[in-house]
Amino acid sequence: MSDTDRVLLIPKIDNGIVIDHIPPGFGIAILEIIRRDPAMRDVVVTLGLNYHSSKMGKKDLIKLWLDELSPRVVQHISLVCPGITIKKITNYEVERRYVIRPPQSARNLLRCLNPSCVTNTEPNVDTNFTMVDEEKKKLKCMYCERVFSLKDLKPIIP
Ligand SMILES: [Zn+2]
């Protein structure tokens, strides 16, 4: 099978969102973030793993039959996997594309693991984390100043 044949196996999207250039292996992690968002419950999704990429060798890819990704989801994805491309597709054409950058902070997105942190004891205090180690994905709570691994922090479900 040639590369052209393989590309044809990927279902085309008429209107929706394509999350592209996902490093291989991260597709499922990103799908997990999307799936946790209550607004995404009924959205039709296709997940592609290990697609051929001329730029990256291999890549994962997610297509969503959806108008817009929520800013929360984009922010969460950007923490896990900065550098991926989000494309808005209208009538089979790329209407808009942007590369998501690593954020400096994440406000009210993740819950602090310290039970005595003010964000857990006071109901109206928003959580706020800053990225202190981009490579190792370490985030610091701005209130109790403890540092956590991103993978251990649970998202706040709105
Ligand atoms: Zn805290």
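Modeller: A definition first: two strands are taken to pair if DSSP finds at least two bridges between them. Please also bear in mind that this is a predicted model.

Biologist: With that definition in hand, which residue in the hairpin of β7 and β8 takes a positive phi?

Modeller: β7 and strand β8 (residues 138-141) meet the pairing criterion, with four bridges in the antiparallel sense. One of these contacts has Thr130 with Lys140 as its bridge partner in β8. The hairpin has four residues between the strands, and the residue with a positive phi, near 55°, is Lys137.

Biologist: Which residue in β7 is the bridge partner of Arg107?

Modeller: Strand β6 (residues 105-107) and strand β7 (residues 128-133) run antiparallel and are joined by three bridges. In β7, the partner of Arg107 is Asn128.

Biologist: Is Ser149 buried or exposed?

Modeller: Ser149 is placed in strand β9 (residues 147-149). Not counting residues up to four places away in sequence, Ser149 touches Lys137 and Lys138. Buried means under 20% relative accessible area. Because the relative accessibility of Ser149 is 14%, the residue counts as buried.

Biologist: Let us turn to the overall layout. What pattern of helices and strands does the protein chain follow along the sequence?

Modeller: The protein chain holds four helices and nine strands. Read along the sequence, their pattern is α-β-α-β-β-α-β-β-β-α-β-β-β.

Biologist: Among contacts between residues at least 6 apart in sequence, what percentage join residues at least 24 apart?

Modeller: For scale, the C-alpha trace spans about 55 × 30 × 20 Å along its principal axes, and buried residues make up 40% of the 158 residues. The accessible surface comes to about 9300 Å², with 52% of it belonging to carbon and sulfur atoms. Of the contacts you specify, the share that joins residues at least 24 apart is 57%.

Biologist: In the open sheet of five strands, which strands stand at the edges?

Modeller: The order in this sheet is β2-β3-β1-β4-β5, and the pairing is antiparallel. Each edge strand has a single partner strand, so one side of each is left without a neighbour in the sheet; the edge strands are β2 (45-53) and β5.

Biologist: And what is the average twist from one strand to the next?

Modeller: In the order β2-β3-β1-β4-β5, the five strands form an open sheet. From one strand to the next, the twist averages 20°.

Biologist: How many bridges join β4 to strand β5?

Modeller: On one side, β4 pairs with strand β1 (residues 16-22) in the antiparallel sense over five bridges, and Gly16 has Ile89 as its bridge partner in β4. With strand β5 (residues 93-99), β4 again runs antiparallel, and Thr85 has Val99 as its bridge partner in β5. The number of bridges that join β4 to β5 is six.

Biologist: Which residue in the turn between β4 and β5 has a positive phi?

Modeller: β4 and β5 form a hairpin with two residues between them. The turn residue with a positive phi, about 50°, is Asn91.

Biologist: Why is strand β4 described as largely enclosed by the rest of the structure?

Modeller: Strand β4 covers residues 85-90. The description rests on a count of residues under 20% relative accessible area. β4 is largely enclosed because the buried residues number five of the six.

Biologist: Which residues does Ile33 contact, leaving aside its neighbours within four places in sequence?

Modeller: Ile33 is placed in helix α2 and is buried, with a relative accessible area of 7%. Helix α3 (residues 71-80) has seven of its ten residues buried, so this helix is largely enclosed by the rest of the structure. Among those buried residues of α3 are Val73, His76, Ile77 and Val80. The contacts of Ile33 are these: Val73, His76, Ile77 and Val80.

Biologist: Finally, which residues form a nonpolar patch on the surface with Ile28?

Modeller: Ile28 also lies in helix α2 (residues 27-36). At 49% relative accessibility, Ile28 counts as partly exposed. The patch has about 240 Å² of accessible area together, and the residues that form it with Ile28 are Leu47 and Leu49.

Note on methods. Residues are numbered from 1 along each chain as its sequence is written. This is a predicted model: local features need pLDDT of at least 70, side-chain atom pairs count only at pLDDT 80 or more; totals for chains, interfaces and linings use all residues. Side-chain values use heavy atoms; hydrogens and water are left out. Patches are made of residues with over 30% relative accessible area and no salt bridge: like charges are joined within 9 Å, nonpolar side chains (Val, Leu, Ile, Met, Phe, Trp, Tyr) within 5 Å. Accessible areas come from the Shrake-Rupley method with a 1.4 Å probe; for residues, only the protein chains shown count as cover. A salt bridge is a side-chain nitrogen of Lys or Arg within 4 Å of a carboxyl oxygen of Asp or Glu. Buried means under 20% relative accessible area, exposed over 50%, partly exposed in between (1.4 Å probe, protein chains only). Axes are lines fitted to C-alpha atoms, for helices over the stretch in contact, and angles run from 0 to 180 degrees between N-to-C directions. Contact means heavy atoms within 4.5 Å.
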